[in-house]
Amino acid sequence: MLANPIAADLSDMRPSLLPGLIAAAQANGDRGFTDVALFEVGQIFKGDRPEDQFVAAAGIRHGFASSRGIGRNWSGSAAADAFDAKGDALAVLAAAGAPMQALQIVPGGASYLHPGRSGTIQIGPQNVLGYFGELHPRTLEALRADGALAAFEVILERIPAAKQKPTRAKPPLELSAFQPVSRDFAFIVDRAVKAGDIARSAQAVDRKLITDVTVFDVYEGKGIDESKKSVAIAVTMQPREKTMTDQEIDAVAAKIVAEVTKKTGGTLRA
């Protein structure tokens, strides 16, 4: 709190960039411009000590200002949602040099976000980079803002510094002359198990051979126990020395199943 504020509504140092962005979006909406996407990079203050001061990047999307386009269109319109905010947050982190492979997306975010439509971006539980999602109805009511409104905020100082490299020269581009191999796996796991943990377990089997692991389906419902879910992943293997035989592919697949089972307690879906 400031000792001598210049105005009654400017009495405190801001702990977040979002209230100002939300107020700006509402001001635009009150003047007929409801579909707006705004961002800011600036200082925030979590306390009155020097170490409580951070540089944050935040953005909001209001109304039909989604990543698919702004406003209504003959080909279809979509209101901004949590996935738009997630994409914006990840784009900012990538541009700021964050180690994208190390990022973890955890369901649920800050208290001002909708609990079922938000997420946390972190590098392990001790380093939370930020949050994204749709604003909680109570937050919109407190700020006198009209929804729908999706937002994100990330703390730039919490991005780990890049490791020093002995040279600035880029490594040689390695392109394999051999056909990549893709295999799909579906695992039955507890609902609390994160899809990202399954993908990381599969990748850890052979980081040089396995070049990509993608989650392409999550199923809960008929045929699956109520406490379980099915998570399907696509694993891409890129051989570099020779074409893989069926026996070699099966051996890697067996290791993937064993590793995912060990790390998550899941079982391969029949």
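Student: Which residues of helix H4 are buried?

Tutor: Buried means under 20% relative accessible area, exposed over 50%, and partly exposed in between (1.4 Å probe, protein chains only). Helices (H or I, at least four residues) and strands (E, at least two) are DSSP runs, numbered from the N terminus. In H4, the buried residues are Ile 198, Ala 199, Ser 201, Ala 202 and Gln 203. An α-helix has 3.6 residues a turn, so residues three or four places apart point the same way. This is a predicted model, in which local features need pLDDT of at least 70 and side-chain atom pairs count only at pLDDT 80 or more, while totals for chains, interfaces and linings use all residues. Residues are numbered from 1 along each chain as its sequence is written, and side-chain values use heavy atoms, with hydrogens and water left out.

Student: What covers the buried residues of H4?

Tutor: The cover includes E9, E10, E11 and H5.

Student: In what order do the strands of the open sheet lie?

Tutor: Two strands pair if DSSP finds at least two bridges between them. Here 4 strands form an open sheet in the order E10-E11-E9-E12, with antiparallel pairing. E10 and strand E12 (267–268) stand at the edges with a single partner strand each, so one side of each has no neighbour in the sheet. Strand E9 (residues 181–190) is joined to E12 by 2 bridges, and Ile 188 stands opposite Thr 267 in E12. H4 packs on this sheet and touches E9, E10 and strand E11 (228–237); contact means heavy atoms within 4.5 Å. The direction of H4 makes about 150 degrees with that of E10. Helix H5 (residues 246–264) also packs on the sheet, touching E9, E10, E11 and E12, and its direction makes about 25 degrees with that of E9. For such angles, axes are lines fitted to C-alpha atoms, for helices over the stretch in contact, and the values run from 0 to 180 degrees between N-to-C directions.

Student: How many residues of strand E8 are buried?

Tutor: In E8 (residues 149–155), 7 of its 7 residues are buried. Leu 149, Ala 151, Glu 153 and Ile 155 point one way, and Ala 150, Phe 152 and Val 154 the other way.

Student: Which residues lie nearest the centre of the largest pocket?

Tutor: On a 1 Å grid over the protein atoms alone, a pocket is an open set of points where a 1.4 Å probe fits, with protein on both sides within 12 Å along at least five of seven lines; lining residues have an atom within 4 Å of a point. The largest pocket is lined by 36 residues, and Lys 86, Ile 105, Ala 195, Gly 196 and Val 215 lie nearest its centre. E10 supplies the largest share of that lining, 6 residues.

Student: Where does Arg 144 lie, and is Arg 144 buried or exposed?

Tutor: Most residues other than glycine have a negative phi. Arg 144 has a positive phi of about 55 degrees although it is not a glycine. Arg 144 lies in the loop between helix H3 (137–142) and E8, and is exposed, with a relative accessible area of 74%.
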